[in-house]
Amino acid sequence: MSIATAVLTASLAMAPATAPALGVQCTSVTVRAHFAASPTGEAVTYDQALVPEGSRVTVVEKRYGSGKDARTAVSLRLSGLVPDRTYGAHVHTKPCGPKPNDSGPHYQNVPDPVQPSTDPAYANPRNEIWLDMRTDEDGRGSSTAKVAWHVRYGEARSVVVHEHGTHTEPGHAGTAGARLACVNVPLA
């Protein structure tokens, strides 16, 4: 198997499961991939100094309940990144592409009528899925976000890794610097 083929290898699994602690049905999506400099695979790096080619990403989405009892948990695991560094990460509306902005804006449960959204009433971890993390001394990090809603079908297509942690102040809420890398995840 060539390096290019290995780098582009990714797996996707969707299966209903029972959450033992909750005793309710859930749906799960898992994506595992290696970041590549070429946008032809599941995961692409736009900044190889901060997200090196070949570093790994895993995203898991679990959906529980329905209606007013709807809940979603999204977990992000990264390895092979710069050690002891804070990264921002968010769910975005479009798939990854050749350019960092191809993934569109952050997915919002209640969309801000003004885009790009920097109003903390909309750009916040209750209305978006924020996955900020700090890597350990080996360049590994993980984060889980839990929200009280489900992602609308077809409206959340990727997770983007950003340059730094997410701001919360008015006029900057939801921003986290440059888009360093992106992984395609068919949420919902």
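**View 1. Arg85 sits over the face of Tyr87.** The distance from the ring centre is 5.0 Å. A charge counts as over a ring if NZ of Lys or CZ of Arg is within 6 Å of the ring centre and within 35 degrees of the ring normal. This is a predicted model: local features need pLDDT of at least 70, side-chain atom pairs count only at pLDDT 80 or more, and totals for chains, interfaces and linings use all residues. Residues are numbered from 1 along each chain as its sequence is written, and side-chain values use heavy atoms, with hydrogens and water left out. Tyr87 also has a bridge partner, Met133 in S7.

**View 2. Five strands form an open sheet in the order S3-S10-S9-S6-S7.** Pairing is antiparallel. Strand S3 (43-45) and S7 stand at the edges with a single partner strand each, so one side of each lacks a neighbour in the sheet. Strands (E, at least two residues) and helices (H or I, at least four) are DSSP runs, numbered from the N terminus. Two strands pair if DSSP finds at least two bridges between them. S6 and S7 are joined by two bridges.

**View 3. Strand S9 is mostly covered.** Five of its five residues are buried, where buried means under 20% relative accessible area, exposed over 50% and partly exposed in between (1.4 Å probe, protein chains only). Ser158, Val160 and His162 point one way from S9. Val159 and Val161 point the other way. S9 pairs with S6 over five antiparallel bridges. Five bridges also join S9 to strand S10 (residues 179-184), again antiparallel. Ser158 stands opposite His92 and opposite Asn184 in S10.

**View 4. Cys96 and Cys182 form a disulfide.** Their sulfur atoms are 2.1 Å apart; the criterion is a pair of cysteine sulfur atoms within 2.5 Å. A search of the whole structure finds one such link. The angle about the S-S bond is -85 degrees, and the link is left-handed. Cys96 lies in the loop between S6 and S7 and Cys182 in strand S10, so the pair ties together parts 86 residues apart in sequence. Cys96 is buried at 14% relative accessible area. Cys182 is buried at 1%.

**View 5. Tyr107 and Trp149 form a tilted aromatic pair.** The centres are 5.8 Å apart, with 35 degrees between the planes. Rings of Phe, Tyr and Trp (its six-membered ring) pair if their centres lie within 6.5 Å; planes under 30 degrees apart count as stacked, over 60 as edge-to-face and the rest as tilted. Both residues, Tyr107 and Trp149, are buried.
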